[in-house]
Amino acid sequence: MQTESCKLTPDNRLALLMHDTVASPYGKMGFGLMRYGVAPVVVVIDRAQAGKNLAELTGIECNAPIVSSVRKALAFDPDVLVPAVAPAGGALPADWWAEVKDGVAAGLSLVNGLHRPLANDPELAPLAKPGRFIWDIRVEPPGLENGMGRARNLPAKRVLMVGTDMADGKMTAAIELDREAKRRGLRSKFLATGQIGIAIAGEGIAIDAVRIDFATGAAERLVMDAGYEHDFLFIEGQGSLLHPASTATYTLVRGTLPTHMILVHRAGKESIARAQWVKIPPLKEVIALYEYTAGAGGALPASKVAGVALNCSHLDERESRRVIEITAKETGLPVTDVLRFGVCKLLNAVIGRD
């Protein structure tokens, strides 16, 4: 029952299904929709945090109540249910299935950012009410080709967020850069490459849903479609070259051929969250790795890391400033926490201002 109009609007009212994740990094899809979504979040479902204050738990200015079930959420008159988590492997937690069915049977549309497609699911689709939609975000678009480095000829600056690990703020950095560029009157666009970014922007390509032979072509299509009408493209990054489970990073680097990169790192993190045996090298070495990889040792156009977006959400302001100063000295680059101190330093580095 998927339709071309599966796109959130300001008239929608979201119920975020976030059991056991409101206080966890795995709730990042919910956090993204609370902070940047075009549709208001009217209720959050988390059995572990029901009745608590959402803003205090997340640090996001969102006053939606937290309830323990989808059935209780219906009292707040939502019209769209979003399983708003980003679990390892992108699978729907088994004990959430009954909740999803409850929501669809009650007349809610469904935004599905997980790998399992649900629009034509034999259990779920018959429950959907007329005029409602099930939007599977993670689908491969038709007509993809192999990437062939066409982006090298684009006039637009292509700024790719890269990271030391997953789930540390690459999408947030890209959106904040795009917003600041627009505030300055620049022709800018945020390009979504994952399910959260697409749910926010209403368009994009979920790069991890694309067959590997066409993944660089998918990334290339994103920038080619936007690169003649905009001067700055801020590209949502995925994963990390350091992560043993990450495959998306390399395809984004190859397909977009970035003119600039922004390194995103969680302050103080020393190893990969899901693979503690993988130690994160000094940031100068990570920067060198990304620059060498992007340019393929000189075979492809060079790309430089223009700055560092340091995620200091777990630190107080004084400690954040101290760590930012140390990181700037270590890397020789502009460094900021994009939510706490803004992105002006990073944007100035991209556009060539001191």
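Q: In this predicted model, how are helix α5 and helix α11 oriented to each other, roughly parallel or roughly perpendicular?
A: Let's start with the packing of helix α5 (residues 170-183) against helix α11 (residues 344-351): their axes lie 10 Å apart, at an angle of about 70°. Angles from 65 to 115 degrees count as roughly perpendicular. The two helices α5 and α11 are therefore roughly perpendicular.

Q: How many nonpolar residues does the contact of α5 with α11 have?
A: From α5 come Leu 177, Glu 180 and Ala 181, and they meet Cys 344, Leu 346 and Leu 347 of α11. Sorted by class, this contact has no polar residues and one charged residue, and its nonpolar residues number five.

Q: Which element gives the most residues to the largest nonpolar core?
A: This core has 53 residues, and Leu 16, Met 34 and Val 44 touch the most other members. The element that gives the most to this core, with six residues, is α5.

Q: Which residues does Val 44 contact, leaving aside its neighbours within four places in sequence?
A: Contact means heavy atoms within 4.5 Å. With those sequence neighbours left aside, Val 44 is in contact with Leu 16, Met 18, Val 22, Met 34, Leu 54, Ala 64, Pro 65, Ile 66 and Val 67.

Q: How many residues are in the second, separate core?
A: You can find this core by looking for Ile 207, Ala 226, Ile 272 and Ile 287, which are included in it. Its number of residues is 43.

Q: Why does the pair of Phe 232 and Phe 234 count as stacked?
A: The structure holds one aromatic pair. Planes under 30 degrees apart count as stacked. The ring centres of Phe 232 and Phe 234 are 6.4 Å apart, and the pair is stacked because the planes are at 5°.

Q: Are Phe 232 and Phe 234 buried or exposed?
A: Buried means under 20% relative accessible area. Phe 232 has a relative accessible area of 9%, and Phe 234 has 0%. Phe 232 is therefore buried, and Phe 234 also counts as buried.

Q: Which elements do the buried residues of α8 pack against?
A: Helix α8 (residues 248-256) is mostly covered, with eight of its nine residues buried. Among these buried residues are Leu 252, Val 253 and Arg 254. They pack against β7 (157-163), α7 (212-226), β9 (232-235) and α9 (283-295).

Conventions:
Residues are numbered from 1 along each chain as its sequence is written. This is a predicted model: local features need pLDDT of at least 70, side-chain atom pairs count only at pLDDT 80 or more; totals for chains, interfaces and linings use all residues. Side-chain values use heavy atoms; hydrogens and water are left out. Axes are lines fitted to C-alpha atoms, for helices over the stretch in contact, and angles run from 0 to 180 degrees between N-to-C directions. Helices (H or I, at least four residues) and strands (E, at least two) are DSSP runs, numbered from the N terminus. Angles under 35 degrees count as roughly parallel, over 145 as roughly antiparallel, 65 to 115 as roughly perpendicular and the rest as oblique. Ala, Val, Leu, Ile, Met, Phe, Trp, Tyr, Cys and Pro count as nonpolar, Asp, Glu, Lys and Arg as charged, and the others, Gly among them, as polar. A nonpolar core is a set of buried Ala, Val, Leu, Ile, Met, Phe, Trp, Tyr and Cys residues joined through side-chain atoms within 4.5 Å. Buried means under 20% relative accessible area, exposed over 50%, partly exposed in between (1.4 Å probe, protein chains only). Rings of Phe, Tyr and Trp (its six-membered ring) pair if their centres lie within 6.5 Å; planes under 30 degrees apart count as stacked, over 60 as edge-to-face and the rest as tilted.
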